[in-house]
Amino acid sequence: MPDTTRSSSDRISGGLYNDILSGILMGEYPPQSSLPTETRLATDYGISRTVVRSALDLLKRAGLVESRQGSGTVVVEFEPQALAQLNRDAQLPELRDCFECRASIEPDIAAIVAANLSKPARAYLEDQKRSLNEGDEGTEYERSVRDADFHIKLAEFSTNSFFVSIMNQLRPHMLFAMNITKTLTSRAHRNHINLSRLEHLETIAAILNEDSDGARASMRHHIDSSTARIFQNQSESFT
């Protein structure tokens, strides 16, 4: 049952906390780097500095950042496995909801794009196919961002504003899911990356062939398989 006692400021600071946490997890804010200033965060998010401080306090209590004179708020050194353990209980239930939501809408998004393939969509997908085939995906952080953006771009190409809104709301959770794979064994992590790449290529091929049924099926397979890989491996990692 949702907690209706939480204030609006609590929810906003929690959202900022999750955004910064995602940045730390994904390497956008590596150890020993400084976070944006309180003033910058307040301006970017359109919130008060009091709310920003509340989010930063949560990160400090979690042992992820510390205040340093002359440097502001700095990310501390941490072990990815320990960080995943710290956030597992709070994050995984929401992550399951995220995958359930994605499985409900993304197959149809892919089918719609295939049925109404525009020139910009075709050009974008051809570029994605080239990059995936050539392994030209940049750093791990860049690859994760590119992956999440791929799913959001499909929603944009569907021209349905509600799909776009939902996918943008899911983006931080998608990035968190990608980061979780970093805590797996090297073999499981490489396996997930390789399979995800092949699944993206299958979805892209179906859309470029304007095969709506194939696009729907391949996207559903991708999301179901990703869900199984992440949660199965998380269960094994923390037992």
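Student: How many helices and how many strands are there in the protein chain?

Tutor: This is a predicted model, and its elements can be read along the sequence as the pattern α-α-α-β-β-α-α-α-α-α-α. Counted by type, the elements of the protein chain come to nine helices and two strands.

Student: How do the axes of α2 and α3 lie, roughly parallel or roughly perpendicular to each other?

Tutor: Helix α2 covers residues 38–45 and helix α3 covers residues 49–61, and their axes come within 9 Å while crossing at roughly 110°. Since angles of 65 to 115 degrees count as roughly perpendicular, the two helices α2 and α3 are therefore roughly perpendicular to each other.

Student: Which residues of α2 and α3 make the contact, and how do they divide into nonpolar, polar and charged?

Tutor: In the crossing, which is right-handed, α2 contributes E38, T39, L41 and A42, while α3 contributes R49, V52, R53 and L56.

Student: Which residues is I20 in contact with, leaving aside its neighbours within four places in sequence?

Tutor: I20 belongs to the largest nonpolar core, which has 59 residues, and is among the members that touch the most others, together with I109, V113, L125, L154, M167 and I207. Two of its partners, L41 and L56, also take part in the contact between α2 and α3. With neighbours within four places set aside, the residues in contact with I20 are Y29, L35, L41, L56 and L59.

Student: What percentage of contacts between residues at least 6 apart in sequence join residues at least 24 apart?

Tutor: The protein chain has 239 residues, of which 44% are buried. Among its contacts between residues at least 6 apart in sequence, the share joining residues at least 24 apart is 74%.

How values were computed:
Residues numbered from 1 in each chain as written. Predicted model: local features only at pLDDT ≥ 70, side-chain atom pairs only at ≥ 80, totals over all residues. Heavy atoms only, no water. Core = buried A, V, L, I, M, F, W, Y, C linked by side-chain atoms within 4.5 Å. Buried < 20%, exposed > 50% of the residue type's maximum accessible area, 1.4 Å probe, protein only. Contact = heavy atoms within 4.5 Å. Axes fitted to C-alpha atoms, helices over the stretch in contact; angles between N-to-C directions. Helix = DSSP H or I, 4+ residues; strand = E, 2+ residues; numbered from the N terminus. Parallel < 35°, antiparallel > 145°, perpendicular 65-115°, else oblique. Left-handed = near helix turned anticlockwise from the far one by under 90°.
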